[in-house]
Amino acid sequence: EDADAADTATDTTTDTTTDGSSDVPPDVPSDITPDAEDAGAADADVETDVMMDVPMDIAEDAGPQPEFGTTLTVSESSGAELFAMAVLESGLVVILWRSGDNDILLSPIDPLTSTVSDPIVIEADAGNGSISKGGDVVAMGNHLAVIWWSKNPGDEPDASGDQNVRFKVGTIDDLSAPGVTLATEGNEDLWRPHLVAGAQDTLCALWQRDKDVKMTCSVDQGASFGDETTVEPAGVSATLSSGAFLNTGELVVSYMGKIGSQNSVYVTKTNDLGQTWSAPVDVGITSGVGQALNPTMAPGTAGQIHLAWYNSYQGTTSAWHTTSMDGSTWGAPLELPTIQSWVALKPGRAANLHISGQDNIPGYGTTHYMTSADDGQSWGVATPIPVTPGFNPPIEFHAELEANLVEGWLHLAWWEGGVNDQSLRFVTVEP
């Protein structure tokens, strides 16, 4: 398992510097924190008025605080892989991961007591897929929606394919049901399932089937889903995707599309949950030469959507960020400091925006995280993920960020290891 992960990172790096056709990092940037949809312009105004003369972080200091900077261990089992992280309304954090025994697990963490509880089994023996097969978890209030890739046949009579995209929803104390199968495939590969939550009970599931991005949506918090749709137009090879909802209820989706031999980042939107799509906009081309790869999106607090990606050109990479108020017209992209690849955006409290990524080409850099306090107009100091010393050589395979949108704390989780050792770690920091 360890060798496979290292090989995946090496292969990805090699592809990045060639034609970009396999420039899919071995991780899946987790998608958009759903509760940020509620943090629109109106909410920002309320916070500003109420806290008019009191700095936000000082006012919040009166309550209980986590032990900032204390690293917790989620797992030290060989073969463990990190998928995603979410923060419940209560402040409890959950981490979705796969064990070396191929169990899909959800580990609850209480940041206030530095307690990692025993993992909840989402599915036992879900099959040996790479990290790119993946999974995702989002919080909707105190409910959790979980999606994951599985090689097990589904429980429904018509879901007996070799690969499945599985889904379940419930409170953290009620995730024992087997869930449902959203997609099944016997001949094509299924990859990278992830979730985008909107206002009220709207939830969309996206995944990759071979070279197409597929989607289905629910308007009842995952109790039922509509018909499966294809995001990209015919004739386009589409892979990595990300999404976010506008305040209008429109869903904006970005994807890595390939026309001919050139990869770029395209954006499209829908006002009917995927029944129709707007003409795709090539956003990546505005950032210069080379391949535009790995899009990631997050909602902002003033009604805008943030989009970031990285470019690859002749063995070098650079990461870029832009915003849009309507999902159709995008500002001129600005190059990010320090971070150059494997970029991932996460919304924070108020005008905070968080980002992580590597400071070199994929697989050859150190993962950093940084925070913007003004919705991405400027960025604070880039801080390395605190990988445990002693691994030889030290490898940080994949990192996840999630913010507590009430308290403002930033949670970090990462999958680290060496040649014969792998672990999942967690820490809470002040952004």
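**Entry 1: strand S3 and its partners**

I began with S3 and S4, which pair in the antiparallel sense over six bridges. The model is a predicted one, and I read it as such. For Val93 I looked up the bridge partner in S4 and found Ile109.

S2 and S3 run antiparallel and are joined by six bridges. Ala86 stands opposite Val94 in S3. This hairpin also has five residues between the strands, and in it Gly91 takes a positive phi near 100°.

How many of the six residues of S3 are buried? I found six of the six, so S3 is largely enclosed by the rest of the structure. I checked the two faces separately.

**Entry 2: nonpolar cores**

I looked up the largest nonpolar core, which has 18 residues. The members that touch the most others are Val94, Leu96, Ile104, Leu106, Ile122, Val137 and Leu144. I listed the elements that give two or more residues to this core: S2 (81-87), S3 (93-98), S4 (104-110), S6 (120-123), S7 (135-140) and S8 (143-150). In soluble globular proteins, nonpolar side chains tend to be buried together.

Which residues does Val137 touch, leaving out those up to four places away in sequence? I recorded Ala84, Met85, Ala86, Val94, Leu96, Leu106, Leu144, Ala145 and Val146. Apart from this core I found another, of 17 residues, which includes Leu293, Ala308, Met370 and Ala382.

**Entry 3: aromatic pairs and a charge over a ring**

I found three aromatic pairs in the structure. I wrote down two of them.

For Phe167 and Phe225 the ring centres are 5.0 Å apart and the planes stand at 80°, so the pair is edge-to-face. Phe167 is in strand S9 (residues 163-171), while Phe225 is in the loop between strand S13 (212-218) and strand S14 (229-230). The two are 58 residues apart, and the pair links distant parts of the chain.

Tyr255 and Tyr266 form a stacked pair, 5.8 Å centre to centre with 20° between the planes. Tyr255 belongs to strand S16 (residues 251-259) and Tyr266 to strand S17 (residues 262-270), eleven residues apart. Both tyrosines are buried.

I also looked at Trp191. Lys133 lies over the face of Trp191, at 4.0 Å from the ring centre.

**Entry 4: an open sheet**

Last, I traced the sheet of four strands in the order S23-S24-S25-S26. This sheet is open and its pairing is antiparallel. Why is one side of S23 and of S26 left without a neighbour in the sheet? S23 (341-347) and S26 (383-384) stand at the edges and have a single partner strand each, so one side of each stays without a neighbour.

I followed S23 to S24 (residues 353-358): the two pair in the antiparallel sense over five bridges. Ala344 stands opposite Ser356 in S24.

How values were computed. Residues are numbered from 1 along each chain as its sequence is written. This is a predicted model: local features need pLDDT of at least 70, side-chain atom pairs count only at pLDDT 80 or more; totals for chains, interfaces and linings use all residues. Side-chain values use heavy atoms; hydrogens and water are left out. Two strands pair if DSSP finds at least two bridges between them. A nonpolar core is a set of buried Ala, Val, Leu, Ile, Met, Phe, Trp, Tyr and Cys residues joined through side-chain atoms within 4.5 Å. Buried means under 20% relative accessible area, exposed over 50%, partly exposed in between (1.4 Å probe, protein chains only). Contact means heavy atoms within 4.5 Å. Rings of Phe, Tyr and Trp (its six-membered ring) pair if their centres lie within 6.5 Å; planes under 30 degrees apart count as stacked, over 60 as edge-to-face and the rest as tilted. A charge sits over a ring if NZ of Lys or CZ of Arg is within 6 Å of the ring centre and within 35 degrees of the ring normal.
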